[in-house]
Amino acid sequence: MSIAEEIYSMYEKMEISREVLDYGIRAENSLADRFDRIDKVAEYNQLKVLHAMQKNHVSEAHFSGSTGYGYTDIGRDTLEQVYADVFHTETALVRPQITCGTHALTIALAGNLRPGDEILSPVGKPYDTLQGIIGMRECPGSLAEYGITYRQVDLLSDGSFDYDCIRTAINEKTKLVTIQRSKGYDSRPTLSVERIGELIAFIKSIKPEVICMVDNCYGEFVETIEPSDVGADMVVGSLIKNPGGGLAPIGGYIAGREEYVNQAAYRLTAPGLGKELGATLGVNQAFYQGFFLAPTVTAGALKGAIFAANLYEKLGYKVIPNGSEERYDIIQAVEMGTAEGLIAFCEGIQAAAPVDSYVTPEPWDMPGYDSQVIMAAGAFVSGSSIELSADGPLREPYTVFFQGGLTWNHARFGILRSLQSLVDKGIVKISDLC
Ligand SMILES: *Cc1c(COP(=O)(O)O)cnc(C)c1O
């Protein structure tokens with residue numbers, strides 16, 4: 001048997017039909033040039049991370065964890081220098097005590113804002129959890145309760161920045177501008193690093209002392225530069241997304257100017273203590289190794305997103321971003337059109353997982369949502385969205401948001417399995433697969 005035949009028979013054993021596989025192979029072949037470009041970005045970013053690790057003399061001694069107060073944890077401190085070197089910032093805070101991306105954003109904001117200050121989002125409404133932090137909706141402990149106000153300027157209908165309104169919105173109270181790189185689960189375009197740079201330059205030309213913070217979630221290593229290369233004072237993200245490389249079991253980071261990162265650290269630990277303490281227990285090695293793998297893992301997830309876009313677009317589904325657009329994050333949305341389609345897609349993703357593949361995801365009433373939500377995830381790290389996962393609310397237009405895949409081979413399989421699930425339910429006809 002040739003290797004191609006061996007692969008075929010393995011897919012068949014895993015319930016992917018020949019028609020679905022052939023359709024997938026054709027889609028993949030048409031993407032060779034784009035995948036080549038993604039590999040080039042990963043090659044660059046791999047060298048960038050490796051260079052930072054070598055420069056900082058990363059050694060086995062950095063992998064043993066500290067306990068208690070965690071004073072003089074050289075593994076932690078060196079890792080933070082590695083992050084700072086990769087993001088080209090003065091310093092970084094990379095900690096297991098940061099529970100998630102929302103927490104990292106919270107300490108970046110709360111640490112740097114004081115009563116009477118104002119936050120500006122010039123790119124429309126921020127990610128759902130950030131709305132709670134800011135107090136855009138009633139939320140105990142929000143910044144609004146501390147007398148911090150918020151202003152927002154939406155993107156124009158063509159996705160461009162509304163420079164006139166941004167100029168008007170900046171006032172004597174404006175202390176910090178928050179810019180979300182990824183569209184998250186919104187329908188606006190994701191921002192390229194270059195566009196973020198243009199926005200920051202404009203804002204600084206009006207008020208140079210304003211702090212420009214970028215929510216970098218899902219964007220790390222998608223391009224060769226990061227927002228901190230184009231003027232961002234702080235970049236913030238989650239370690240159970242791109243930069244954790246799938247190995248970090250928890251954590252978040254803030255990279256940026258020393259003054260601002262230290263303020264965030266005083267909020268994370270305590271005023272006067274800051275970055276000096278925080279035991280790493282046993283996570284240092286996973287943080288290093290995950291960061292080392294992150295460029296490759298991100299490239300695999302990116303290929304998966306583009307593959308899914310092309311597979312479903314050719315079947316007539318609306319996909320955001322579309323099959324040929326440039327990518328600036330790893331999220332893919334597919335409008336399934338029906339509840340059955342959304343559920344079948346998620347069942348396929350679940351069935352493709354290395355963990356919990358035998359369970360069936362069910363729509364449920366998730367707190368904070370006005371419609372039921374279905375989620376598919378079978379992850380090594382609970383809730384990790386750099387691992388292959390999909391979810392969506394059961395309401396028009398039944399959009400599934402799909403992201404991750406620790407390897408391209410797994411992402412490919414998951415997407416084929418989702419399509420197979422639609423075929424098995426008669427939602428997609430075999431005759432459509434041409
Ligand atoms: C994931 C994400 C966050 C933070 O979410 P957590 O679930 O708290 O890690 C914030 N902003 C964006 C754009 C995200 O994608």
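Author: The structure holds zero disulfides, a disulfide being a pair of cysteine sulfur atoms within 2.5 Å. Cys-212 is in no such pair; its nearest cysteine sulfur belongs to Cys-217, 18 Å away.

A word on the basis. This is a predicted model, in which local features need pLDDT of at least 70 and side-chain atom pairs count only at pLDDT 80 or more, while totals for chains, interfaces and linings use all residues. Residues are numbered from 1 along each chain as its sequence is written, and side-chain values use heavy atoms, with hydrogens and water left out.

Back to the cysteines. Cys-212 has a relative accessible area of 0%, so it is buried. Cys-434 reaches 70%, so it is exposed. The cut-offs: buried is under 20% relative accessible area, exposed is over 50%, and partly exposed lies in between (1.4 Å probe, protein chains only).

Next, the helix pair. Helices (H or I, at least four residues) and strands (E, at least two) are DSSP runs, numbered from the N terminus. Helix H2 (residues 18-29) packs on helix H12 (residues 408-424) at about 130°, with the axes 10 Å apart. The axes are lines fitted to C-alpha atoms, for helices over the stretch in contact, and angles run from 0 to 180 degrees between N-to-C directions. H2 and H12 are therefore oblique to each other. Under 35 degrees counts as roughly parallel, over 145 as roughly antiparallel, 65 to 115 as roughly perpendicular, and the rest as oblique.

Contact means heavy atoms within 4.5 Å. On the H2 side, Val-20, Leu-21, Tyr-23, Gly-24 and Glu-28 take part; they meet Trp-408, Arg-412, Leu-416, Leu-419, Gln-420 and Val-423 of H12.

Now Thr-89. This residue sits in the loop between helix H4 (74-87) and strand S1 (91-95). Its relative accessible area is 14%, so Thr-89 is buried. Leaving out residues up to four places away in sequence, Thr-89 touches Ala-84, Ser-228, Ala-255 and Gly-256.

Last, Tyr-163. Tyr-163 lies in helix H7 (residues 163-169). At 29% relative accessible area, Tyr-163 is partly exposed. With the sequence neighbours up to four places away left out, Tyr-163 touches Glu-198, Leu-199 and Phe-202. Pro-122 is 41 residues from Tyr-163 along the chain, and their C-alpha atoms are separated by 8.8 Å.
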